[in-house]
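Subject: Structure handover and notes

Hello,

Here is the structure I promised to pass on to you.

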Amino acid sequence: METLVIGWDAATSRHLSQFDLPFWESLSEKGKLLPEYPFDKAGYISSANAWTTISTGAPFSEHGMLGFVYGPYSGHQLAGSIQYLATQTWLPPLIRRILIGRVMGALGAGTKGEKGDKVNSTNISYKRFWEYTEGDGLIYGLPLTYPIWETNGVVVSGIPAPKFEEASNPVVYPEQLEETVYDGGDAGYYVEKESPVNDPSVSERPYCDQHLQRMEANAEKYVELYEKTSPEREFEVGFLMLRGLDDIMHATEDTSIIRDAYELIDRVTREVVDAVDPETTLVLSDHGMRPASDYRPDKQMRMDHDTTQGVWGATDSFELERHTDVTPAILDRLQIDCEVPKKRDSTDTVTSALENEVIHERLEDLGYA
Ligand SMILES: [Zn+2]
């Protein structure tokens with residue numbers, strides 16, 4: 001494999017220097033990774049929006065994925081004024097966050113909640129980074145890849161895909177690999193316990209431990225998939241999402257839990273890199289986290305997204321600054337010279353009706369909806 005990208009969802013710049021993380025420290029090139037305007041200034045971005053920009057190279061104004069809980073954003077005549085207000089730093093963070101995350105969503109992206117349509121992979125009209133390559137991608141857990149489509153490589157759908165047992169469309173491509181991924185083990189992104197974000201009486205440690213287990217299982221599954229499929233496939237680029245930090249830090253501010261999470265991520269990343277042995281490794285986060293107490297009265301969020309604390313680290317120079325830089329930089333590394341973003345060739349994914357209700361429930365599990 002030429003380039004392996006590992007998503008450390010919500011990995012926060014100030015935490016990375018605080019803990020003992022030998023793999024992270026071994027990366028020679030590092031920097032901050034920030035969202036584009038207006039999300040940088042407004043101080044809030046959804047993982048749905050961030051990972052879509054990161055994986056397509058298209059800005060929000062083109063891809064329209066505002067957040068997991070809305071439909072595709074199609075613009076609104078007031079959008080300019082809302083974005084202007086949301087970027088005014090004299091306004092309290094809560095107000096700016098509501099303007100960018102809620103008001104813009106309500107005006108231009110449909111209804112939030114159980115009945116509203118949610119975004120899914122068919123709403124993203126741009127190629128993802130591996131679809132530019134001649135070889136294959138081994139892509140695991142990238143958000144908004146459900147329903148999965150026929151593509152060059154092996155793809156395991158990320159959130160908000162339904163669980164394997166409840167999905168009406170394939171959650172893995174090629175479909176015959178579904179049972180390798182979901183074999184009754186811990187692979188996946190949803191945990192059985194209620195989040196402390198939804199129910200403050202739930203204790204934080206057992207909930208967070210389940211996310212740790214999931215991350216370890218996903219990393220092991222990635223290696224298993226690689227070993228099982230690489231004899232007949234030429235993997236050029238890979239992606240693995242370790243998203244537990246996002247869920248864990250929404251649910252706790254306990255330093256010992258947070259430390260365990262970073263240390264586990266660092267260790268399993270090392271294990272994946274050792275097994276896959278890519279030429280180049282890139283680790284990146286979509287945003288960092290900060291205490292939520294001042295601006296999130298609607299939920300029991302302990303911490304929430306911080307647009308100033310996203311990071312990247314790599315074995316080679318990637319010179320990333322913004323989310324829109326990531327796909328071009330990966331392609332540059334793979335010596336693919338073409339204009340980015342590019343529309344997908346076909347949007348012929350045949351899908352059964354999507355299970356909106358189930359997706360809503362899974363988002364609730366993560367404290368989103
Ligand atoms: Zn995130």
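Let me begin with a term: a salt bridge here is a side-chain nitrogen of Lys or Arg within 4 Å of a carboxyl oxygen of Asp or Glu. By this rule the count comes to 20 salt bridges.

Before the details, please keep in mind that this is a predicted model, in which local features need pLDDT of at least 70 and side-chain atom pairs count only at pLDDT 80 or more, while totals for chains, interfaces and linings use all residues. Residues are numbered from 1 along each chain as its sequence is written, and side-chain values use heavy atoms, with hydrogens and water left out.

**Salt bridges**

Two of the pairs sit in one helix, so a word on naming: helices (H or I, at least four residues) and strands (E, at least two) are DSSP runs, numbered from the N terminus. I also use "buried" for under 20% relative accessible area, "exposed" for over 50% and "partly exposed" for in between (1.4 Å probe, protein chains only).

- R205 pairs with D209, with the closest N and O atoms 3.3 Å apart. These residues are 4 apart in helix α9 (residues 204-229), so about one helical turn separates R205 and D209. R205 is partly exposed at 30% relative accessible area, and D209 is partly exposed as well, at 31%.
- K221 pairs with E224, and here the closest N and O atoms are 3.1 Å apart. Both lie in helix α9, 3 residues apart, which is about one turn of the helix. K221 is buried, with a relative accessible area of 6%, whereas E224 counts as partly exposed at 34%.
- R362 pairs with E361, with 3.9 Å between the closest N and O atoms. R362 counts as buried at 8% relative accessibility, while E361 is partly exposed at 35%.

Salt bridges that share partners also join D9, R243, D246 and D247 into one network.

**The zinc site**

Which residues coordinate the zinc ion? They are D9 (OD), S47 (OG), D246 (OD), D286 (OD) and H287 (NE2), at 2.0 to 2.4 Å. Donors are N, O and S atoms within 2.8 Å of the metal (3.2 Å for Na, K and Ca), and water is not among the atoms, so sites may look incomplete. Along the chain, the donors of the zinc ion follow the spacing D-x37-S-x198-D-x39-D-H. S47 lies in helix α4 (residues 47-56) and H287 in the loop between β7 (280-284) and β8 (288-291), so the pair ties together parts that are 240 residues apart in sequence. S47 is buried, with a relative accessible area of 0%, and H287 is buried at 1%.

D246 and D247 are among the buried residues of α10. In this helix (residues 244-251), 8 of the 8 residues are buried, so α10 is largely enclosed by the rest of the structure.

For α11 (residues 255-276), the 22 residues should span 32 Å at 1.5 Å a residue, and the end C-alpha atoms are 31 Å apart, which agrees. The expected span is 1.5 Å times one less than the number of residues in the helix. Buried residues of α11 include I257, I258, A261, Y262 and L264. At the start of α11, a side-chain oxygen of D254 reaches to within 2.8 Å of the backbone nitrogen of S256. After α11 comes D277, whose phi is positive, near 50 degrees.

**Backbone points to look at**

- Y37 and P38 are joined by a cis peptide bond, with omega about 5 degrees. P38 is in the loop between β2 (29-32) and α3 (39-42).
- Y173 and P174 are also joined by a cis peptide bond, with omega about -10 degrees. P174 is in the loop between β5 (172-173) and α8 (178-181).
- L144 has a positive phi of about 60 degrees although it is not a glycine. L144 is in the loop between β3 (136-142) and β4 (153-157) and counts as buried at 0% relative accessibility.
- Q335 has a positive phi of about 55 degrees, and it is not a glycine either. Q335 is in the loop between α12 (326-333) and α13 (356-365) and counts as exposed at 74% relative accessibility.

Happy browsing, and best wishes

Key:
Polar contact = N/O pair within 3.5 Å; in protein donor to acceptor, adjacent residues only side chain to side chain.
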